[in-house]
Amino acid sequence: MPAALIALATAFTAAPAHADPCEDIAKQLAGQIDGLKVNFSAANITYLTHPAAKELSLGCRGKDYSIELFAKTDRKMKPEFFNLVGSATALVFTVPKDDAATGTSRCLKRMGILRGNTITMRYRRLSLECTRNRTDASITVRRGKNE
């Protein structure tokens, strides 16, 4: 009996700790996108920083989605922001970079006088929601749990 307890105790102490998959994805993003840094994680959301974005976060395991990317910038978007969102979307959701850049820029550029300040669309099995107000513009890219 004591030998079994000792073997059980050593099995638990030797087992490696598993990191959160969201943090792993965030570290991969930081390694592959220049200027991107991982800040901290809280409540299944990993907060990131990049010079082209005011806010940037990666969320995992929500009620209706398996993974979510959120990015926010000034209302007048710069090409660096489009490049950042396209690259991050391609890496997080494992889609070709050209498709990711096309879908995200299409959503962000549709906002305006004719179509309004909130655009919701689907592109390559991704749900995109773009919103803007007087000072900011943001995009949320999600993949549902069933996809």
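**Close-up views of a predicted model**

**View 1. The whole chain.** Starting at the N terminus, the elements follow the order α-α-β-β-β-β-α-α-β-β-β. That makes four helices and seven strands, taken as DSSP runs (H or I, at least four residues, for helices; E, at least two, for strands) and numbered from the N terminus. This is a predicted model, in which local features need pLDDT of at least 70 and side-chain atom pairs count only at pLDDT 80 or more, while totals for chains, interfaces and linings use all residues. Residues are numbered from 1 along each chain as its sequence is written, and side-chain values use heavy atoms, with hydrogens and water left out. Of the 147 residues, 39% count as buried (under 20% relative accessible area, 1.4 Å probe, protein chains only).

**View 2. The largest nonpolar core.** Here are 33 residues, among which L29, L58, L128 and I139 touch the most other members. Such a core is a set of buried Ala, Val, Leu, Ile, Met, Phe, Trp, Tyr and Cys residues joined through side-chain atoms within 4.5 Å. Elements that each supply at least two of its residues include α2 (21-32), β3 (53-60) and β7 (136-144). Helix α3 gives the most, with seven residues.

**View 3. Around I139.** Setting aside neighbours within four places in sequence, I139 is in contact (heavy atoms within 4.5 Å) with L69, F70, A71, F81, V85, T104, L108, L128, E129 and C130.

**View 4. S57 in its strand.** Look for S57 in strand β3. S57 counts as buried because its relative accessibility is 12%. Beyond residues up to four places away in sequence, S57 touches I45, T46, Y47, L48, E68, L69 and F70.

Terms used:
Buried means under 20% relative accessible area, exposed over 50%, partly exposed in between (1.4 Å probe, protein chains only).
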